[in-house]
Amino acid sequence: PRSPSRPEPRPGIMEIAPYVPGRTKSTGGAKLHKLSSNETPLGPSPRAVEAYSACAGHLELYPDGGSTGLREAIADVYGLNPDRMICGNGSDEILELVARAYIGPGDEGLYSEYGFLVYKIAILAAGGTPVVAPEQNLTTDVDALLARVTPRTKVVFLANPNNPTGTYLPFDEIRRLHAGLPPTVLLVLDAAYAEYVRRNDYEAGIELAATADNVLMTRTFSKIYGLAALRIGWGYGPAHVIDALNRVRGPFNVSAASQAAGIAAVRDRAFLETAVAHNDKWLEWVSQEVAALGLEVTPSVGNFVLIHFPEEPGRTAAEADAYLSARGCVLRAVGAYGLPNALRMSIGNEEANREVVSVLKEFLAGR
Ligand code: PMP
């Protein structure tokens, strides 16, 4: 073996494909419609902005390391126990803490084919081996996941609704997955888009995280609460899991301003209802209008839709992406997820939604 002449990262690190976020710029167009990262078009609650600004007077002080006030506010609003909760620098951090605490060299982390990209990164960064289960119709296949469980499996990551597909697994299926897993495997229910789901059976998911010994639910303030810039997420599960995650967490992982804004945001239920109603209306409108153009749209319950393009030259996803971008509409190419013929569009404000549909129409008509 050659002797290294410089520091080399641990095995697995160079296998990580760096996460490439959705673009923030268009290549043209008078106005930018950024629909690439599943952010909300309504912004955050004004009360959250006010609480954030009020922190400017105390920037010399470290934040509360345990995010106590934020955990208490979330617990109060959602009817949960704050002692079974951990807050993170986005829910991404909670996912990383899970991998760091439960997965080591020789261990496996399991997820679904089109699952959220961060799972693979977190597993590899922890020194573990990512294992992928194939999907059916862009939807998680519980039997395929269960068939890939081995004695080395430590964690199963499941996004529900899933990003980037927008598909949803009913709770019966989650229960069946949980029942089929050995009690030593931690099931992570990533519910970043939970508030958008009108079927409301994610409540059953949180019930499972509240009662089972091996289920953790993760949630975020980045989507419906409109606080993506502040990086606030939380995890809910058994006390022993929360304890393990707290041991590997950085001491002051959520900033004071983030905690303050999160507390104000979670308490503003009227604002949340407005944001949900906006999404309900425009998710349906966009899905129908895009389908009416002859493009296949995967039925979504999130704040985004996956739009499929034909492989015909002149009409491909890559060409549509470039065309939309030149008109100021920035969508998300999802080739990195193994979906080269699709674009993901976040639901925007009325103007943005109408603009995308009209530009797509033009694109398909061949200008
Ligand atoms: N899980 C899923 C399924 C997501 O789509 C996202 C956001 N892209 C996250 C987790 C992470 O969100 P955040 O770190 O902003 O809380």
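Asn137 counts as exposed because 9 C-beta neighbours lie inside 10 Å; a residue is called exposed if 12 or fewer other C-beta atoms, placed from the backbone, lie within 10 Å of its own, buried if 20 or more do, and partly exposed in between. The structure is a predicted model, in which local features need pLDDT of at least 70 and side-chain atom pairs count only at pLDDT 80 or more, whereas totals for chains, interfaces and linings use all residues. Residues are numbered from 1 along each chain as its sequence is written.

Asn137 lies in the loop between strand E4 (129-133) and helix H5 (142-147). Helices (H or I, at least four residues) and strands (E, at least two) are DSSP runs, numbered from the N terminus. The phi angle of Asn137 is near 50°, a positive value in a residue other than glycine. Ser67 likewise has a positive phi, near 45°, and is not glycine. Ser67 is placed in the loop between helix H1 (46-54) and helix H2 (68-78), and it counts as buried because 27 C-beta neighbours lie inside 10 Å.

The loop between strand E5 (153-159) and helix H6 (171-180) contains Pro161; Pro164 is also found in the loop between E5 and H6. The peptide bond from Asn160 to Pro161 is cis, with omega near -5°. A cis peptide bond also joins Asn163 and Pro164, with omega about 15°. Asn163 is among the closest of the 13 residues that surround the ligand, together with Gly90, Asp92, Thr220 and Ser222. A residue is taken as near a molecule or strand if its C-beta atom, placed from the backbone, lies within 6 Å of it. The shell around the ligand comprises four nonpolar, seven polar and two charged residues; Ala, Val, Leu, Ile, Met, Phe, Trp, Tyr, Cys and Pro count as nonpolar, Asp, Glu, Lys and Arg as charged, and the others, Gly among them, as polar.

The chain is assigned to domain 1 (13-43 + 270-364) and domain 2 (46-267), with bounds that come from an automatic or database domain assignment. The C-alpha centres of the two domains lie 25 Å apart. Contact is made between 28 residues of domain 1 and 24 residues of domain 2, two residues being in contact if their C-beta atoms, placed from the backbone, lie within 7 Å. On the side of domain 1 that touches domain 2, two or more residues each come from helix H10 (269-292), strand E10 (304-308) and strand E13 (339-346). The largest share, five residues, is supplied by H10.

An open sheet is formed by four strands in the order E9-E10-E13-E12, with antiparallel pairing; two strands pair if DSSP finds at least two bridges between them. Strand E9 (296-298) and strand E12 (332-334) stand at the edges with a single partner strand each, so one side of each has no neighbour in the sheet. E12 and E13 run antiparallel and are joined by three bridges, and Arg332 stands opposite Arg344 in E13. H10 packs on the sheet, touching E9, E10 and E13, and its direction makes about 10° with that of E10. Axes are lines fitted to C-alpha atoms, for helices over the stretch in contact, and angles run from 0 to 180 degrees between N-to-C directions.

Helix H11 contains Ala320, which is buried, with 23 other C-beta atoms within 10 Å. Leaving aside neighbours within four places in sequence, Ala320 is in contact with Phe309, Leu343, Leu360 and Phe363.
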